[in-house]
Amino acid sequence: MYNENAWKKYDDKSLAELMKFNDGYKDFISYGKTERLCVKRAIEIAEKYGFKDIKSFNQLNPGDKVYVTNRGKNICAFVIGDEPMEKGINILGAHIDSPRLDIKQNPLYESNDFTLLDTHYYGGIVKYQWVARPLALHGVIYKKDGTEVIVNIGDNENDPVFVISDLLPHLAAEKNSKPGNKVIEGEGLDLTFSSIPLNEEDKKGAKEKVLKILKDTLNVEVDDFVSAEIEVVPAGKALDLGIDRSMVLGYGHDDRVCAYTSLMAVLDAGKAKYTTCAFLVDKEEIGSVGATGAQSAWFENILAELMNLTGDYSELKLRRCLSKSRMLSSDVSAGYDPLYKGVFEEKNAAYCGNGIVFNKYTGARGKSGCNDADPKFIAQIRNIMDNNNINYQTAELGKVDVGGGGTIAYILGNKDMYVVDAGVSILSMHAPCEIVSKVDVYEAYKAYIAFVKNAHEVE
Ligand code: MN
Ligand code: MN
């Protein structure tokens, strides 16, 4: 069903299933505050469904369930299909990195008995949204001997949290007269970390006290921050939103809402005619670069490994697999916000509650940088959506001249695949807490199942 509110078709029984699915999603994002934690939880869920690490296979046969990980920050889950992979596979690709603050390599400094941690923001954050709110630290520290130290502070009961202090309005006349993007500047996003100085005849200060706590609790030295990845994220769990509990308020919907629904779709769809794949990727928010981003050779490498394990690898067959594959670039859309109507073109906006959103193209100001999906492929998808009673809509990201954005779609498009953007519409995108409609989460999951089971070669 195109452009209709999806809530209307739910009865008591299907509504209970929808709510239960969203409870699973809330658990996933409450735990998955970083790409590493998303991969960790995805492995746990996939293993419960009988998926095994690729390392445990000598060969792969139709129906085998296999996952592959990359540096702890990407995961791909596959179910091997009946058709050979050179006929293309059905892929759901989503990103599991979200905008946040990263701790710098030399972060710690002391000022007036406080210590602070210096950060470098990651992705398109709105800086003033990150002050005066509880924050947690998640990540890893590697010591010189290779020992891994897990950092997880601020999301467990009784944990301390962290904060970036803000100026009281009584003294903020000058600050508050600045434009929004200057009210808080990047170098002002320093985390309040401690306030008790070490009291040995006042010879040593707050920094030494903190170093002692880091040594006692984590067994790390300050130089160990050099080989660390520690992310500053909003503390706390995802919550039901609204008097009717119809929405979820949480951190990282972009794009963990599409990652979770894509993963669960491949897990629940089971064996299909073509091999199915959920590809959860890092670094989308900063351009999909590096070894763990969508532009990495990793995905092609693992397709080659998979084809090899099915006994059907050659360079030519790999090229054919890439060029015949069908993919939904599962990423979020800007939902129509009644408080900011002016930036949307109402006929081509995404509405919370109207189901999964397809974006033929993204890009900015004249489609610049977009993957303009093949209309023949879109026609096939419309047919699949209607045959499976899925609510879907089509949208652009705001008015033509207002702005724009991109996803991973063009990257796989560059590999000659059939790709279209498809995901959940959200409000307050990139804010520390974003909004999704539960019915859209569930419709996306159902749409992804229908896609991986039914998408086929585009003639
Ligand atoms: Mn995104
Ligand atoms: Mn984003």
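1. Which side chain meets that of Glu229 in a salt bridge? The partner is Arg36, with N and O 2.8 Å apart, a salt bridge being a side-chain nitrogen of Lys or Arg within 4 Å of a carboxyl oxygen of Asp or Glu.

2. On the basis of these remarks: this is a predicted model, in which local features need pLDDT of at least 70 and side-chain atom pairs count only at pLDDT 80 or more, while totals for chains, interfaces and linings use all residues. Residues are numbered from 1 along each chain as its sequence is written, chains are lettered from A and ligands numbered from 1 in the order in which they are written, and side-chain values use heavy atoms, with hydrogens and water left out.

3. The protein chain is divided into domain 1 (6-98 + 251-454) and domain 2 (100-234), with bounds that come from an automatic or database domain assignment. The C-alpha centres of the two domains lie 33 Å apart, and 18 residues of domain 1 are in contact with 14 residues of domain 2, where contact means heavy atoms within 4.5 Å.

4. Between domain 1 and domain 2 about 1,400 Å² is buried, 51% of it from carbon and sulfur atoms; this is the accessible area (1.4 Å probe) that two parts lose on being put together, summed over both. On the side of domain 1, Lys33, Arg36 and Pro432 lose the most area to domain 2, together giving 37% of what that side buries.

5. Across this interface the rule finds four salt bridges, whereas the count by this rule comes to 30.

6. Glu35 and Arg100 also meet through their side chains in a salt bridge (3.2 Å, N to O). Because Glu35 lies in helix H2 (residues 35-48) and Arg100 in strand E5 (residues 100-111), the pair ties together parts that are 65 residues apart in sequence; helices (H or I, at least four residues) and strands (E, at least two) are DSSP runs, numbered from the N terminus. Both Glu35 and Arg100 are buried, buried meaning under 20% relative accessible area, exposed over 50%, and partly exposed in between (1.4 Å probe, protein chains only).

7. In helix H1 (residues 12-31), Lys13 and Glu17 are four residues apart and so separated by about one helical turn, and they form a salt bridge with the closest N and O atoms 3.7 Å apart. Lys13 is exposed, at 61% relative accessible area, while Glu17 is partly exposed at 38%.

8. A further point concerns a network of salt bridges, which links Asp23, Lys26, Asp240, Arg245 and Lys438.
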